[in-house]
Amino acid sequence: MLLNVGDYEREAERLLDPGAFGYFAGGAGDELTLRDNVEAFSRWQFRPRVLVDVGEVTTPTTVLGREISMPLLVAPTAFQRLAHPDGEVATARAAAEVGTVMCQSTLSSVTPAELAAAAPGTRLWFQLYWSSDRGFTADLLAGVAEAGFEAVVFTVDFPAAGRRERDLHAAFTLPEDLVTPNIPGSLRRRDFHTALGEIVDPTLTWRDLEWLREACPLPILLKGILSGEDALLAAEHGAAGVIVSNHGGRQLDGVAASLDTLPEVVEALGDRVEVLVDGGVRRGTDVLKALALGARAVLVGRPPVWGLAVGGQQGVREVLELLRAEIALGLTHLGCRSPAEVTRAQVKPK
Ligand SMILES: Cc1cc2nc3c(=O)[nH]c(=O)nc-3n(C[C@H](O)[C@H](O)[C@H](O)COP(=O)(O)O)c2cc1C
């Protein structure tokens with residue numbers, strides 16, 4: 001019986017080809033950060049309040065001024081067709097069924113226009129890897145805005161690909177027929193590891209954000225912020241939000257768990273821009289701890305992928321729904337009627 005995210009992960013491991021499972025599950029280097037992302041949640045404990053009327057508990061919240069059904073969004077993850085033939089389309093449709101946002105990765109098998117057409121009604125954000133081919137990137141962004149996406153998530157922790165040794169040990173390569181229409185054609189034919197290293201222009205700096213803001217009318221979030229200093233720079237350069245993230249432990253191994261970095265970023269920013277966080281969220285109670293430490297919402301990367309591998313669109317929906325049910329039950333036990341009522345007073349360090 002599949003009751004929680006861990007159950008879906010084990011089932012996905014059983015069903016997937018080992019190389020693909022390793023690609024999804026793995027992290028960089030010794031995977032210290034990968035493990036710590038999950039463990040960080042157990043270093044905080046709840047301080048519930050009792051005898052609060054929790055007869056009616058609701059999970060919706062707002063992100064960038066628009067309502068979603070719960071404080072949890074689908075993070076961008078690449079190559080979803082490795083998990084299921086329906087890939088990104090299944091994930092997007094499931095996100096719509098559950099009423100949350102899906103963030104499409106640049107490394108998808110469909111263009112933004114194709115995804116929007118195949119999953120009408122889905123609230124979509126687009127995650128940008130920004131190659132040195134500016135013309136290509138400008139056209140890509142124009143397509144994103146035209147397809148009705150609500151925001152662009154610019155991933156800033158990827159000046160080069162992390163060294164994922166599980167993939168190297170498994171000699172993992174992408175299947176020949178996996179298309180990647182959102183990266184320049186010159187990179188598509190390269191071998192997997194070389195191409196991954198070249199999808200981003202490593203010379204980008206804060207100044208280039210001006211170009212991005214001109215090329216793209218949508219709100220921009222910066223994903224991969226790991227310090228108060230960079231969070232402030234993001235706000236100063238016009239970002240609508242930041243995502244505290246270490247890329248699920250797949251980039252620089254040895255950085256702090258996302259949850260441990262969240263308070264520093266929240267403190268630096270105050271109310272200036274919205275702060276989201278991802279990395280290691282496996283339970284509704286993890287979401288509540290992140291909210292208590294100042295996040296507006298969280299994103300989940302691997303959990304929907306496990307759902308996708310197990311059951312396509314339905315599997316993703318089940319994973320998102322079980323997380324929403326866990327959030328609702330956690331709120332009830334915590335004595336909070338909605339995500340907005342979760343404050344710093346509801347948690348303490350262990
Ligand atoms: C298989 C996989 C592929 C990913 N691909 C991308 C990507 O294309 N772009 C991006 O910004 N982040 C990518 N990420 C990072 C996620 O967006 C997110 O930061 C991370 O998965 C959160 O950690 P979690 O998996 O513990 O929830 C990927 C993560 C995984 C596991």
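Why is helix α13 (residues 284-292) largely enclosed by the rest of the structure? Eight of the nine residues of this helix are buried, a residue being called buried if 20 or more other C-beta atoms, placed from the backbone, lie within 10 Å of its own, exposed if 12 or fewer do, and partly exposed in between. The buried residues of α13 are G284, D286, V287, L288, K289, A290, L291 and A292, and just after the helix G294 takes a positive phi of about 110°. Helices (H or I, at least four residues) and strands (E, at least two) are DSSP runs numbered from the N terminus.

The model is a predicted one, in which local features need pLDDT of at least 70 and side-chain atom pairs count only at pLDDT 80 or more, whereas totals for chains, interfaces and linings use all residues. Residues are numbered from 1 along each chain as its sequence is written.

Leaving aside residues up to four places away in sequence, V298 touches P71, L72, L276, V277, D278, V281, V287 and A290, contact requiring C-beta atoms, placed from the backbone, within 7 Å.

Helix α1 (residues 5-15) packs with α14 at an angle of about 105°, their axes lying 7 Å apart; axes are lines fitted to C-alpha atoms over the stretch in contact, and angles run from 0 to 180 degrees between N-to-C directions. The two helices are therefore roughly perpendicular to each other, a term covering angles of 65 to 115 degrees. On the α1 side the contact is made by V5, Y8, E9, E11, A12 and L15, and on the α14 side by P303, W306, G307, A309, V310 and V319. By class, this contact has nine nonpolar, one polar and two charged residues, where Ala, Val, Leu, Ile, Met, Phe, Trp, Tyr, Cys and Pro count as nonpolar, Asp, Glu, Lys and Arg as charged, and the others, Gly among them, as polar.

In the loop between α11 (228-236) and β9 (241-244), A240 is partly exposed, with 17 other C-beta atoms within 10 Å. A240 and V273 are 33 residues apart in sequence but 5.7 Å apart in space, C-alpha to C-alpha.

Definitions and conventions
Contact = placed C-beta atoms within 7 Å. Parallel < 35°, antiparallel > 145°, perpendicular 65-115°, else oblique.
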